[in-house]
Every structure is written in C-alpha cells, then in structure tokens.
Amino acid sequence: MNRINKVGSLPSHVKLETGPGGLERISVQTPEAQALVYLQGAHLASWRPRDQKHDVLWMSRHSRFEPGQPIRGGVPICFPWFGARREDASSPAHGFARRRLWQLEEVQIPQPESVLLELSLSDDEETRSLWPAAFELRYRLLIGPELLMTLTVKNRDDQPFVFEEALHTYFTVGDVRRVRVYGLQGAEYLDKTDHMVRKRQEESVVRVDKETDRLYVNTTASCLLEDETLGRRITIDKQGSSSTVVWNPWIDKARALEDFGDDEWSGMICIETANAADNAVALGPGQSHSMQVTLRVTPYHP
Ligand code: TA6
C-alpha cells in the first residue's frame, strides 16, 4: 500500500490509475454508474449514471491537471475558507483542501450497483502555516445511480476554530440560458457581481442571463435544476448546509479565466452546497460537523 492508499486490494470495478498531469485518480465503473475521483483534492471529476448520455458534472476542456493546481470542473472541495480569504488576499482562493493530496482510507461495495469511497486530509506543517489549526477531514462518496457526498470536519485542536466549506459542484447543462433553478425563493443572498450587496431572491426561479455569482445564506432548502435542453432534472438535497451558491461566469469572466474555454460558459452552472459568510461553522475541540448533498437525475420533457 502506498502512502496515499491505505486500502490493499481493490474490488474489480475500482481501479487506481494515473490520469493527466500524472495525477493519481480512482476510476469507478459499476453496473449503474461511472465516476472519476482524483486523489488531489479528493476531487470528484466525473459522475455519469448509466442512463445519462451526458456527464452530470461539467469539466472544462481547458482544466489544468497539475500537482497543486485547482481542477476546473467536477466538485472542488473548498475548505477552510470560501472564495478569497478576507484577512489575507494572498492565500489560495477557496482554501487549500482542493490542492492537497488526500489519502484513500476505505473502499466498500455496499450494494452491487454502488461503490463507497472514503478519503481523508489532516493538518500538516504546510496547512498550519496557512491556517494554524489541527483538523481532520473525512469525505465519503457513495457512487451509484445517485450520488451522495458527505464532508465531515473534525476539530483535533485544543482550541475552537471557525471554518467555511463548500462542495463547489459544476453541473453540465445544455444551455445555461434555458435552465431553471428552483428552491431559493425568499432567501437572502450576497451578490458578488454587485459588491456583495445583500439582496433577496424574490422570484421562485433563478435564471441566468448575465454573469451570476450569488451566495445564498440561511437556506437549508433542496434545489432543483431543470434542463430542458438535455431533458433532465437534477435534485440537490442537502443536510448540514445553510448556504447555497449559484455561479455562472458568463462571457467576459469565462474569457478572463485561463482554464475556462471562451465558449464554455453556456454549458455549465455551479450550484454549490456550502456553509459560508453568515453560515461559517464554529467547532470546539473534539467536535465534528458533517455536510451532505445527494444528487438524483430524472428525465424531464416539458
Ligand atoms: O463559487 C463561485 C466563485 O466564488 C466565483 O466567484 C468564482 O471565483 C468561482 O468560485 C471559481 O473560483 P476558482 O477559484 O475556482 O476560480
């Protein structure tokens, strides 16, 4: 067993392989779904249920796959802060967890059609130089016809700490101008495209017709992504999360991002399950907090 894989022999439909940029990844093929998880960032990069022609998770054709560099797509794990770090703009955006090599702790086959992976990340000298706290992250992925992602943070320090977190999920869509996002009506949000001004979601549906970057706070609601172009609905049910982020860079921001194709903005939307801003989490020594999201895909033909 190598240092990043505490698991001995792997079941037949789970393989450890080397992906682009030499990044190690776990390839999962079950009768009901396929997925790819990079050990860097415990980064779920692909999930496609058997009945889906298109991957549920979007990945830029221009994504970097380099040690220590964020991957543009899939589900980046943001921890221990979300976005730019308020107290130190030189710190890596969205924290360090998505850049670090995680350990594969466990592989299980709970049902014939699913695979359960558990990965971990603990503090070390490098993380403590950025964020002086002792912690352990555990990330469980139940991969099958549905997808269950659970991020658990444990405070292993003798002091309390406060953190932000997000499962920054990029969804593939047929045309972002024709998708509808339900579930956020009445929620307050910080509008990053308007100097983080606090607003309220008045309409029942969120639609994208310009750069959209909203951190909805104090909402535990499930969301529904309706994609008439791809003929599917994706439900996003969450536990232990009080923030939801909706992001699409639109034309200019996509062009400005090196690892984002100029023409790719219309094919994706981020609906992120988070605890950020007002919803940052305080943990005392020895305490743990879990955030969970379940994705389900159903046909939709309006
Ligand atoms: O979640 C939305 C957001 O905070 C946007 O403001 C944009 O910065 C996006 O995340 C991507 O961030 P990244 O650091 O991955 O380029």
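How far does a polar side-chain atom of Arg 98 lie from an oxygen atom of the ligand? The distance is 2.8 Å. Keep in mind that this is a predicted model.

For His 94, a polar side-chain atom is 3.0 Å from a ligand oxygen. For Lys 192, the separation between a polar side-chain atom and a ligand oxygen is 2.6 Å. On its own, the ligand would expose 380 Å². The protein buries 86% of that area.

Where does the ligand sit? In the largest pocket.

Now the shell. Arg 72, Phe 82, Ala 93, His 94, Arg 98 and His 168 are among the residues around the ligand. Lys 192, Asp 213, Val 245, Trp 247 and Glu 272 also belong to that shell. Sorted by class, we get 5 charged, 4 nonpolar and 2 polar residues.

On to the fold. There is an open sheet of 9 strands, with antiparallel pairing. Read across, the order is β6-β7-β8-β9-β23-β19-β18-β13-β16. Which strands form the edges? They are β6, residues 103-108, and β16, residues 205-206. Each of these pairs on one side only.

One pair in detail. Strand β19 covers residues 232-239, and strand β23 covers residues 288-299. How many bridges join β19 and β23? The count is 8, in the antiparallel sense. Within β23, Gln 292 stands opposite Gln 239.

How values were computed:
Residues numbered from 1 in each chain as written. Predicted model: local features only at pLDDT ≥ 70, side-chain atom pairs only at ≥ 80, totals over all residues. Heavy atoms only, no water. Near = heavy atom within 4 Å. Polar contact = N/O pair within 3.5 Å; in protein donor to acceptor, adjacent residues only side chain to side chain. Areas by Shrake-Rupley, 256 points an atom, 1.4 Å probe, with all protein chains shown as cover. 1 Å grid on protein atoms, 1.4 Å probe; cavity = no way out; pocket = protein on both sides within 12 Å on 5 of 7 lines; lining within 4 Å. Sits in = over half its atoms within 2 Å of the grid points. Nonpolar A, V, L, I, M, F, W, Y, C, P; charged D, E, K, R; others polar. Pairing = 2+ DSSP bridges. Helix = DSSP H or I, 4+ residues; strand = E, 2+ residues; numbered from the N terminus.
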